[in-house]
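Trainee: I am new to this structure, and I would like to go through it step by step. Could you show it to me before I ask my questions?

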Amino acid sequence: MSFGVRLATTLAVGCGFWCASHLYQRWRYAALEHEDKAMLQARPGDADRDKWTDAVKREAVNYGVSPSTLISLGSKGCIGAELSMLGDAGAYIRHHNPPLASEIALIYPYLFASWVGTLISVPYAVLLATSVALGQEDMRFRIAPVPMLLLFAASGAVSSPWGPYTWAKITVPCAAVLALISFAMKRIGGISWHAGDYLTLAIALMAVLSVGTVFEFLAIHLLCACALELAIRFIPACARLKDNVPYNAVLSVSLVGATIIAILKGNLL
């Protein structure tokens, strides 16, 4: 692949996923606001109301609740005054549903991941860019968008040197094993993964295994997880992540980092 083609691919894939992630973000905010308005008008029972307000409190920490919803709940006495006052706070309003222009800095991780991926193939560039999108959405909404997850799996299958069929035969059992590990972790230590977590991990493991960097991936993964845990404990700005660690952000960094190591080791070029 020539430098010009690589540059064009990087710009197309990186900018495309940056915009796609922002469009999903706008849709997600609109959907959440619509649900909140419906709940405010429906006057649910005590159990449903408590469940909803608990969800609002969790999402408000990540700026995922519209300011009008916080103000309305505060006026009804459903949430504390401190949380209700966030609806009028300028900092909260700026972080809730920010415009594309304010997220210009986020384009650089997309471009970097895409460039690293083009050193292998176009599908691998899509795989890495998708991982960044999954990480961004996980940090903002604590959820992996299903369309992005499907694209992540498809690009991993297409970019694998084993071929999609062999890749799928290995990935599906790997995901099942990770599900069993997740079940054991929940029973023993109370640590819970969701289906999207071990599915994305299985796809990432198969991607790096196909280029022989699985041990580097796991090492970077552990390093990122430890760094994030330390940040949550000792940096006040990161304390809001305590109850919900953005797992896919760690996975994306690990996947891109392991790919860079593979390239530097001369396994791919």
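Mentor: What follows is a set of questions and answers on helices, their packing, and a few individual residues.
This is a predicted model, in which local features need pLDDT of at least 70 and side-chain atom pairs count only at pLDDT 80 or more, whereas totals for chains, interfaces and linings use all residues. Residues are numbered from 1 along each chain as its sequence is written, and side-chain values use heavy atoms, with hydrogens and water left out.

Trainee: How many helices and how many strands does the secondary structure of the protein come to?
Mentor: Helices (H or I, at least four residues) and strands (E, at least two) are DSSP runs, numbered from the N terminus. Read along the sequence, the pattern is α-α-α-α-α-α-α-α-α-α-α-α. The count for the protein is therefore 12 helices and 0 strands.

Trainee: What is the orientation of α7 relative to α8?
Mentor: Helix α7 covers residues 122-141 and helix α8 covers residues 146-159, and they pack with axes 8 Å apart at an angle of about 155 degrees. Axes here are lines fitted to C-alpha atoms, for helices over the stretch in contact, and the angles run from 0 to 180 degrees between N-to-C directions. Angles under 35 degrees count as roughly parallel, over 145 as roughly antiparallel, 65 to 115 as roughly perpendicular and the rest as oblique. The angle therefore makes α7, relative to α8, roughly antiparallel.

Trainee: How do the residues of the contact of α7 with α8 divide into nonpolar, polar and charged?
Mentor: Contact means heavy atoms within 4.5 Å, and the residues that meet include L127 and L134 in α7 and L151 and F152 in α8. Ala, Val, Leu, Ile, Met, Phe, Trp, Tyr, Cys and Pro count as nonpolar, Asp, Glu, Lys and Arg as charged, and the others, Gly among them, as polar. For the contact of α7 with α8, the division is 11 nonpolar, 5 polar and no charged.

Trainee: What is the orientation of α1 relative to α6?
Mentor: The axes of helix α1 (residues 3-42) and helix α6 (residues 107-118) come within 8 Å, and they cross at roughly 140 degrees. That angle makes α1, relative to α6, oblique.

Trainee: How do the residues of the contact of α1 with α6 divide?
Mentor: Among the residues that meet are F17 and W18 in α1, together with Y110 and W115 in α6. The contact of α1 with α6 divides into 11 nonpolar, 6 polar and 1 charged.

Trainee: Is Q136 buried or exposed?
Mentor: Q136 is found in helix α7, and this residue touches S21, Q25, E103, L106 and Y110, not counting residues up to four places away in sequence. Buried means under 20% relative accessible area, exposed over 50%, and partly exposed in between (1.4 Å probe, protein chains only). Because its relative accessibility is 11%, Q136 counts as buried.

Trainee: Which cysteine sulfur is nearest to that of C224?
Mentor: A disulfide is a pair of cysteine sulfur atoms within 2.5 Å, and a search of the whole structure finds 0 disulfides. C224 is in no disulfide, and its nearest cysteine sulfur, 9.4 Å away, is that of C226.

Trainee: How is C226 classed by its relative accessible area?
Mentor: C224, at 18% relative accessibility, counts as buried. C226 has a relative accessible area of 41%, so C226 is partly exposed.
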